[in-house]
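Here are a few exercises to work through with the model open beside you. Try each one yourself before reading its solution.

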Amino acid sequence: MDKQAATHTLSSTAPYTLFIADVHLQPDFSDPINQAFMRFLKEEAPLAQALYILGDLFEMWVGDDVGLELYAPVIEQFAQLSQAGLPIYLQYGNRDFLMRHEFWKASGIQKLKEPYAITLHGHSLLLMHGDTLCTDDKEYQKMRRILRNPVVTWSFLHLPQHKRLQIGQNMREKSKKYSSNKAENIMDVSNKAVTALFKRYPDVTHLIHGHTHRPAHHALTIEEQTKHRWVLGDWRPQSKILKVSTEGLTLLSYPFDV
């Protein structure tokens, strides 16, 4: 039986897998977000069978040469977990889609395509970051196509480090202003897009995504079948993470309330 949002520890008699998104790790590693996430990697992640990160792990990633140095502590922790046998999977987000070979090699993380269909613990799941579902935001979708163009990404990654950092910082500031001036319903996922996605993957029961920073469990009926959309939370440093086991799917608050 699927369970809705809850707050408790991860203790369980059944093996489980964890899903997170929108950590937005900050360049300043003393930031509370970074500290909470490091605790999560050290104390909670090793207890899971696998960890899936559905985009926007980093606030910005302007190239492996910069990112591997800027986020060295967390990269090292990922490597240790991977070497210890924990499978870690990652999808690109809208803030950090420029990770390349050196990142995957240094961290031990495995890259996932989007969307990604998988069956875990008896549940059929579809994984994605979620920004492509926000189809009502025409300006964002246009900018996304431009930024993901291979010519644009190649050109950007060949700029000097200081120039990439400057552009990255400017884009962070513009994103904040853009979000504050945009109607909330436009920045949320489109019900039409969600329905179309489920129809493309008729065997999938659960859609898991992030991006919107609106953690929730939505049940919907599509062609007389009950489907579930699970939205992961961003880290401020509180978050909503998803635990999947044979016992069901459960949204958990992290850090956990005592």
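**Exercise 1.** Find the helix that holds N34, and work out which residues N34 touches.

*Solution.* Step one: N34 belongs to helix α1, residues 32–44 (helices are DSSP runs of H or I with at least four residues, strands are E runs of at least two, numbered from the N terminus). This is a predicted model in which local features need pLDDT of at least 70 and side-chain atom pairs count only at pLDDT 80 or more, while totals for chains, interfaces and linings use all residues. Residues are numbered from 1 along each chain as its sequence is written, and side-chain values use heavy atoms, with hydrogens and water left out.

Step two: the relative accessible area of N34 is 0%, so N34 is buried (under 20% is buried, over 50% exposed, and in between partly exposed, with a 1.4 Å probe and protein chains only).

Step three: leaving aside residues up to four places away in sequence, N34 touches L25, Q26, D28 and F29 (contact means heavy atoms within 4.5 Å). A polar atom of the N34 side chain lies 2.9 Å from the backbone oxygen of Q26.

**Exercise 2.** Classify the ring pair of F37 and W235, and say which parts of the chain the pair ties together.

*Solution.* Start with the total: there are 15 aromatic pairs in the structure (rings of Phe, Tyr and Trp, the last by its six-membered ring, pair if their centres lie within 6.5 Å; planes under 30 degrees apart are stacked, over 60 edge-to-face, the rest tilted). For F37 and W235 the centres are 5.3 Å apart and the planes stand at 85°, so this pair is edge-to-face. Finally, both F37 and W235 are buried.

**Exercise 3.** Now do the pair F103 and W104: what are its geometry and burial?

*Solution.* With 5.0 Å centre to centre and 75° between the planes, F103 and W104 are edge-to-face. F103 has 0% relative accessibility, so it counts as buried; W104, at 14%, is buried too. Both residues belong to one aromatic cluster, together with F58, W61, Y71 and Y92.

**Exercise 4.** Which ring does the charged end of R148 sit over?

*Solution.* The ring is that of F97, with the charged end of R148 4.4 Å from its centre (the test is NZ of Lys or CZ of Arg within 6 Å of the ring centre and within 35 degrees of the ring normal). K243 lies over the face of Y16, 5.0 Å from the ring centre.

Conventions. Polar contact = N/O pair within 3.5 Å; in protein donor to acceptor, adjacent residues only side chain to side chain.
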